[in-house]
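Subject: Structure for your review

Dear colleague,

Here is the structure I said I would send. My notes follow below it.

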Amino acid sequence: METIGEKTTTTAPPVAELHLHIEGTLQPELIFSLAERNGIDLPYQDIDELREKYEFRDLQSFLDLYYANMAVLQTEQDFTDMTCDYLKRAAAGGVRHAEIMMDPQAHVSRGVALETCVNGVAKALATSNEDFGVSTLLIAAFLRDMPEDSALDVLEQLLDMNAPIAGIGLDSAEVGNPPSKFQRLYQRAGEAGLRRIAHAGEEGPASYITEALDILHVERIDHGIRCMEDTEVVQRLVAEQVPLTVCPLSNVRLRAVDKLEDHPLPEMLAIGLNVSVNSDDPAYFGGYVDDNYQQLVKVHGFSVPEQATLAANSIRSSFASDERKAELLEEVTQWVKESLPPQ
Ligand SMILES: Nc1ncnc2[nH]cnc12
Ligand SMILES: [Zn+2]
């Protein structure tokens with residue numbers, strides 16, 4: 001704990017990161033070094049020119065760059081390196097458990113074998129606890145702007161190859177691609193014993209959250225901030241304590257909210273929604289989970305108990321074992337003791 005003037009600052013709490021796209025952790029420096037390793041010509045002269053592109057109008061303008069930059073991911077080692085970089089940085093920022101999404105269709109569609117991307121990420125995750133003190137699991141996310149049959153085809157291949165996935169998610173361009181489009185995919189995943197989550201209510205309407213719950217039977221909603229536009233949806237989410245994996249810096253960068261000062265998270269927390277703080281695509285949105293906490297403390301003055309509630313929500317909403325959850329909740333209790341000023 002550090003005291004600056006009147007204000008007591010703390011390090012970020014120990015958390016579970018529940019909303020993280022591994023491809024969104026590809027830092028400009030790694031993009032350039034992988035391009036060189038793989039002999040790929042980038043349409044940017046240097047890192048500064050690439051960084052100039054990180055001004056987004058909306059979700060789609062970000063997705064265009066996010067998919068284009070994936071061209072540098074070619075070999076299993078590339079996927080492993082990217083994942084190790086994330087784990088190292090996340091661990092330094094307090095992440096103790098991570099449920100990591102990857103977009104298999106974004107790689108298969110550009111000619112990278114499914115085994116290459118899955119095995120590359122899985123290799124880093126297999127030893128994440130020993131290497132970085134972060135327990136992990138992998139979630140295959142499907143692109144909602146592609147046909148459901150493509151998702152079903154990739155899911156069957158993942159099942160056939162016994163891929164080490166714990167669940168499925170739904171991401172990419174939300175508006176016009178409602179959850180109901182993926183009913184068969186989620187039914188199949190349920191039959192296969194997979195956990196189910198989906199992005200909903202990021203740019204899309206609150207009704208997409210209801211569809212994800214009622215039609216896809218998801219256990220968590222990624223983002224969900226637009227629930228605040230519908231009182232009945234909010235009441236239901238509070239009553240059922242549906243976890244919402246909120247990503248404040250992402251919402252600002254993608255203009256879902258104008259500025260962090262306007263973010264609904266403080267109100268969401270105050271009315272009893274089960275919210276957690278996550279980074280989404282930290283290489284693109286200006287920060288990892290700890291950066292999100294730091295900004296929230298600075299702009300919204302979140303107290304130590306409020307941060308602890310957000311951290312505990314993340315752990316309880318995770319798919320970690322009960323034993324791991326208990327261990328991490330104890331770490332949050334310890335963090336509170338160390339962070340509160342002495343009486
Ligand atoms: N914030 C986001 N929303 C939808 N799809 C994504 N893919 C990566 N980041 C995403
Ligand atoms: Zn996301």
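**Notes on the model**

E36 sits in helix α1, which covers residues 28–38. Please keep in mind that the model is predicted. E36 has 11 C-beta neighbours inside 10 Å and therefore counts as exposed, the cut-off for that class being 12 or fewer. Its C-alpha atom is 8.8 Å from that of V72, a residue 36 positions away along the chain.

Next, the strands. Strand β7 (residues 195–200) runs parallel to strand β8 (residues 220–223), and 4 bridges join them. A198 has I221 of β8 as its bridge partner. Between β7 and β8 the chain passes through helix α10 (residues 206–214), in a β-α-β crossover that is right-handed.

β8 also pairs with strand β9 (residues 243–246), again in the parallel sense, over 2 bridges. Here I221 stands opposite L244 of β9. The chain goes from β8 to β9 by way of helix α11 (residues 231–240), and this β-α-β crossover is right-handed.

Last, a helix pair. Helix α16 (residues 304–316) packs with helix α17 (residues 322–339) at an angle of about 170 degrees, and their axes are 10 Å apart. The two helices are therefore roughly antiparallel, since angles over 145 degrees count as such. On the α16 side the contact is made by V304, A308, A311, A312, I315 and R316; on the α17 side, by K325, L328, L329, V332, W335, V336 and S339. Sorted by class, this contact has 10 nonpolar, 1 polar and 2 charged residues.

Regards

Methods
Residues are numbered from 1 along each chain as its sequence is written. Chains are lettered from A and ligands numbered from 1 in the order in which they are written. This is a predicted model: local features need pLDDT of at least 70, side-chain atom pairs count only at pLDDT 80 or more; totals for chains, interfaces and linings use all residues. A residue is buried if 20 or more other C-beta atoms lie within 10 Å of its own, exposed if 12 or fewer, and partly exposed in between; C-beta atoms are placed from the backbone. Axes are lines fitted to C-alpha atoms, for helices over the stretch in contact, and angles run from 0 to 180 degrees between N-to-C directions. Angles under 35 degrees count as roughly parallel, over 145 as roughly antiparallel, 65 to 115 as roughly perpendicular and the rest as oblique. Two residues are in contact if their C-beta atoms, placed from the backbone, lie within 7 Å. Ala, Val, Leu, Ile, Met, Phe, Trp, Tyr, Cys and Pro count as nonpolar, Asp, Glu, Lys and Arg as charged, and the others, Gly among them, as polar. Two strands pair if DSSP finds at least two bridges between them. A crossover is right-handed if, with the strands pointing away from the viewer, the path from the first strand over the helix to the second runs clockwise.
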